Amino acid sequence: MRKKITDEEWKLYIEEHTINKLSLKTLQLKYNLKYNTIYYGLIRFGVVPDTSLTTLEERRTNDVVDDYFNIIDSEEKAYILGFLIADGCVDSKRNRITMKLKEEDKDHLQRILSILSTGYKLYKDTTVRNGKTFNSYKMEIRSSQIVNALAKLGIVDRKTGVETLPTLSKELMPHLIRGIFDGDGSISFRQRGENRKIEALVNICSTNKAFLEDIGKYVVGSVYTEKRPGMDMYRLTATSRESAFKFLTYMYENSTISLQRKFDCYSKYANTVVSPND
């Protein structure tokens, strides 16, 4: 049983709430009190509890794995981290991360969301451009711990153009880069030469040249500049049959989590177009 709260302690709680603007929920956790004890205790001392101080995160009822990114020690964590670098959005003011994928990738987004939370749900987003309707799905998770952990790994607000590549163990780097590739990469095919052999073009795109150069330390490829109106876009590209095969194999070999449609392209290329003995 907790000892009786003294007047000095109440004075501290009142200062924390009225001057330091700590919410009732924060006071409850910080001083190991019951919510109703704080609420009615403040009233007893003539202080009207300010429930507006409660943050959106404190009001959430969804279970989130808040410490998921504290230590990156598995293929799954490394992959999702890479995918967030490519396609995620961090909002530190609202303590939330969001990600939106097109409708055909809904199952992949649901898989990631289910790993991070058992309560949040995807919601559908519809955009109309040039008379055409495009459907996508979006996930949103609120967690100050996740936002802070991602910041330590270099994933911050408005990260586009200032991305940094986290340094993980040698075993986990392929999964991190695969996550980035599944978000910002592409595989395309072309026929070249007199015998019309099929080759693959493997790319990762970014507005940050240094970021791609860092990835290039782990995979076979060259960084090229692509001029676009008002900006430069860069591509880390593998163009030869051998370099494309090494690039894809580095990322996908023995993987257990990936974007299905890109994994299917890798499998088709590896199994029918080129092999290590070809």
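1. Packing of α5 on α6. In this predicted model, helix α5 (residues 75–87) and helix α6 (residues 106–116) are oblique to each other, since they pack at an angle of about 120 degrees. Their axes lie 12 Å apart. The crossing in which α5 passes α6 is left-handed. From α5, the residues Glu76, Tyr79, Ile80 and Phe83 take part in the contact, and they meet His108, Ile112 and Ile115 of α6. By class, these contact residues comprise five nonpolar, one polar and one charged.

2. Packing of α2 on α3. Helix α2 (residues 24–31) packs against helix α3 (residues 35–44) at an angle of about 120 degrees, with the axes 9 Å apart. The two helices are therefore oblique to each other. Here α2 passes α3 in a right-handed crossing. The contact brings Leu24, Lys25, Leu27 and Gln28 of α2 to Tyr35, Ile38, Tyr39 and Leu42 of α3. Six of the residues in the contact of α2 with α3 are nonpolar, one is polar and one is charged.

3. The whole structure contains 15 salt bridges. One of them joins Glu16 to Lys30, with 2.7 Å between the closest N and O atoms. Glu16 belongs to helix α1 (residues 7–18) and Lys30 to helix α2, so this pair ties together parts that are 14 residues apart in sequence. The loop between α1 and α2 holds Lys21. Although Lys21 is not a glycine, its phi is positive, at about 60 degrees.

4. The hairpin of β3 and β4. Strand β3 (residues 123–129) pairs with strand β4 (residues 132–142) in the antiparallel sense, over seven bridges. Within this pairing, Val128 has Thr133 in β4 as its bridge partner. Two residues lie between the strands of the hairpin. Asn130, in the loop between β3 and β4, has a positive phi near 55 degrees and is a residue other than glycine.

5. The four-stranded sheet. Four strands form an open sheet in the order β5-β6-β8-β7, with antiparallel pairing. The edge positions are taken by β5 (185–192) and β7 (222–228); each has a single partner strand, so one side of each is left without a neighbour in the sheet. From one strand to the next, the twist averages 35 degrees.

6. Pairing of β6 with β8. Strand β6 (residues 197–206) and strand β8 (residues 231–238) are joined over five bridges and run in the antiparallel sense. Cys205 stands opposite Arg235 of β8. Val202, in turn, is placed opposite Ala238 of β8.

7. Pairing of β7 with β8. Strands β7 and β8 run antiparallel and are joined by seven bridges. Thr225 has Tyr234 in β8 as its bridge partner. The hairpin of β7 and β8 has two residues between the strands, and Gly230 in this hairpin takes a positive phi near 80 degrees.

8. Helices on the sheet. Helix α8 (residues 173–184) lies across β5 and β6, and its direction runs at about 95 degrees to β6. Helix α10 (residues 241–252) also packs on the sheet, where it touches β5, β6 and β8. The direction of α10 makes about 55 degrees with that of β6.

9. Packing of α8 on α10. These two helices also pack on each other, at an angle of about 110 degrees and with their axes 7 Å apart. That angle makes α8 roughly perpendicular to α10. On the α8 side, the contact is made by Met173, Pro174, Ile177, Arg178, Phe181 and Asp182. The residues of α10 that they meet are Phe247, Leu248, Tyr250, Met251 and Tyr252. The contact of α8 with α10 has nine nonpolar and two charged residues, and no polar ones.

Methods
Residues numbered from 1 in each chain as written. Predicted model: local features only at pLDDT ≥ 70, side-chain atom pairs only at ≥ 80, totals over all residues. Heavy atoms only, no water. Axes fitted to C-alpha atoms, helices over the stretch in contact; angles between N-to-C directions. Parallel < 35°, antiparallel > 145°, perpendicular 65-115°, else oblique. Left-handed = near helix turned anticlockwise from the far one by under 90°. Contact = heavy atoms within 4.5 Å. Nonpolar A, V, L, I, M, F, W, Y, C, P; charged D, E, K, R; others polar. Pairing = 2+ DSSP bridges. Salt bridge = Lys/Arg side-chain N within 4 Å of Asp/Glu carboxyl O.
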